[in-house]
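Subject: Structure for you to look at

Hi there,

Could you open it alongside the text and follow the residues as you read?

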Amino acid sequence: MLVATARRYTMEQIETARKKLRNLPVKEAGKTRGEVAEFLVNGIKKAMRQGYTLQDIRDLLAEAGVSVPLARLQGLFEKAPKPELATDGEGLGKDTALPGDAGEKGKQGSPDRI
C-alpha cells in the first residue's frame, strides 16, 4: 500500500507566491444590471422627482450604453419603503413624533429637544 506524502514548499517558494499575490493589479470585472441599477438609484429617484418616468429613465440609460430592464427599475422601488410626501405643504418644517413615541414625552421628565 502506498502512503501519500504531503508536498513541502520552501520559504523561497512561499515568498515568491506572496510577492505575486501582493503585486496583482485590481481586476475590473464591471457591474451587473442589478448592480448598475442599485448604484444609480439616487439619480433615478431624482429624475423621477423631476417628472421623468421609469420608461424615460430606461431609455436614457440605454442611450448611455447601459441596458437595464424596466422590470429591474420597478423592482428597485418595490423593495424600498416609499417616503410619505406632503402634498399640501402641511407639516413642512414642523417636528413630528416618530412611530412608537406617542406617550413617551412625560416619562423621562425632560422636554423633547434636538
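Let me start with Val 36, which is in contact with Lys 31, Val 66 and Val 68 once its neighbours within four places in sequence are left aside; contact here means heavy atoms within 4.5 Å. Val 36 and Val 66 are 30 residues apart in sequence, yet their C-alpha atoms are 8.2 Å apart in space. Val 36 lies in helix 2, and with a relative accessible area of 17% it is buried. For burial, the cut-offs are under 20% relative accessible area for buried, over 50% for exposed and anything in between for partly exposed (1.4 Å probe, protein chains only).

Before going further, a word on the source. This is a predicted model, in which local features need pLDDT of at least 70 and side-chain atom pairs count only at pLDDT 80 or more, while totals for chains, interfaces and linings use all residues. Residues are numbered from 1 along each chain as its sequence is written, and side-chain values use heavy atoms, with hydrogens and water left out.

How confident is the predictor? The pLDDT, its confidence in each residue from 0 to 100, averages 76 over the protein chain, and 68% of the residues score at least 70. Residues 84–114 have a pLDDT below 50, and beyond near neighbours in sequence this stretch has three contacts in the model. Where pLDDT is low, the predicted coordinates should not be read in detail. Among the elements, helix 1 has the highest mean pLDDT (95) and helix 5 the lowest (82).

Now the overall layout. The protein chain has five helices and zero strands; these are DSSP runs numbered from the N terminus (helices H or I, at least four residues; strands E, at least two). Of the 114 residues in the protein chain, 11% are buried. Among contacts between residues at least 6 apart in sequence, 46% join residues at least 24 apart.

Val 36 also belongs to the largest nonpolar core, which has 12 residues, among them Ala 37, Ile 44, Leu 61, Val 68 and Leu 76. Helix 2 (33–39), helix 3 (41–49), helix 4 (54–63) and helix 5 (70–79) each give two or more residues to this core. By nonpolar core I mean a set of buried Ala, Val, Leu, Ile, Met, Phe, Trp, Tyr and Cys residues joined through side-chain atoms within 4.5 Å. Not counting residues up to four places away in sequence, Ala 37 touches Ile 44, Val 68, Arg 72 and Leu 76.

The structure holds two salt bridges, each a side-chain nitrogen of Lys or Arg within 4 Å of a carboxyl oxygen of Asp or Glu. One joins Arg 18 to Glu 15, with the closest N and O atoms 2.6 Å apart. Both residues lie in helix 1, three residues apart, about one turn of the helix. Arg 18 counts as partly exposed because its relative accessibility is 39%, and Glu 15 is partly exposed at 29%. Arg 58 and Asp 59 also meet through their side chains in a salt bridge (3.2 Å, N to O). Arg 58 is partly exposed at 28%, as is Asp 59 at 33%.

Finally, Met 11 is found in helix 1 (residues 11–22) and counts as exposed because its relative accessibility is 58%.

Happy browsing!

Methods: pLDDT is the predictor's confidence in each residue, from 0 to 100.
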